[in-house]
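Hi,

Here is the structure I promised to pass on. Have a look at it first, and my notes follow below.

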Amino acid sequence: MDKRDWKRIYRRVKSKPVFMKDGRPSSALFKDSHGVSVDKDMGRNEKDIISDEERLHRFYNQGLTEEEIRQNVEELRAIISLSDESCDLAGACVLSDPIEGENLYHALLQKSENEILLTKAQARILERAAVIVKTYSIM
């Protein structure tokens, strides 16, 4: 088994209503047929990670007005994290997927090395284990 270069992974939560339920991340946040986009901590402190997540949010929404971001349900609502132990408990796999020139910490959270879509059970385990590290108000 390869040595991990991360202890925690982070995910931006957009303002899509299905991603949060009663102020907590829902299992829908962990369901993506292309793999769940996350960022590995890779030794960075949480303050720097949050700043980088905010930078990435602005980068991926550049050129859009605030109204267009709101209409597209792309507002940043929260940043959550998961520990490596939580991913292990769920039996989920984190595969490095750096995006050159944009995000060297990018990874995909998926069912296994060979299967992408997390099961309902895996998504529920991750939902319960998710820690909200920062929230943002929505106008």
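**Helix and sheet**

Helix α1 lies across β1, β4, β5 and β8 and runs at about 40 degrees to β1 (axes are lines fitted to C-alpha atoms, for helices over the stretch in contact, with angles from 0 to 180 degrees between N-to-C directions; contact means heavy atoms within 4.5 Å). Helices (H or I, at least four residues) and strands (E, at least two) are DSSP runs, numbered from the N terminus.

Please keep in mind that this is a predicted model: local features need pLDDT of at least 70, side-chain atom pairs count only at pLDDT 80 or more, and totals for chains, interfaces and linings use all residues. Residues are numbered from 1 along each chain as its sequence is written, and side-chain values use heavy atoms, leaving out hydrogens and water.

Now the sheet. It is open, with 6 strands in the order β6-β7-β4-β1-β5-β8 and antiparallel pairing (two strands pair if DSSP finds at least two bridges between them). At its edges are β6 (93-96) and β8, each pairing on one side only. From one strand to the next, the twist averages 35 degrees. Between β1 and β4 there are 2 bridges, and Y10 stands opposite D39 in β4.

Back to the helix: which residues of α1 are buried? They are I49, I50, D52, E53, E54, L56 and H57, where buried means under 20% relative accessible area (1.4 Å probe, protein chains only). Their cover includes β1 (8-14), β4 (36-40), β5 (76-83) and β8 (131-135).

Best wishes

Technical notes. Buried means under 20% relative accessible area, exposed over 50%, partly exposed in between (1.4 Å probe, protein chains only).
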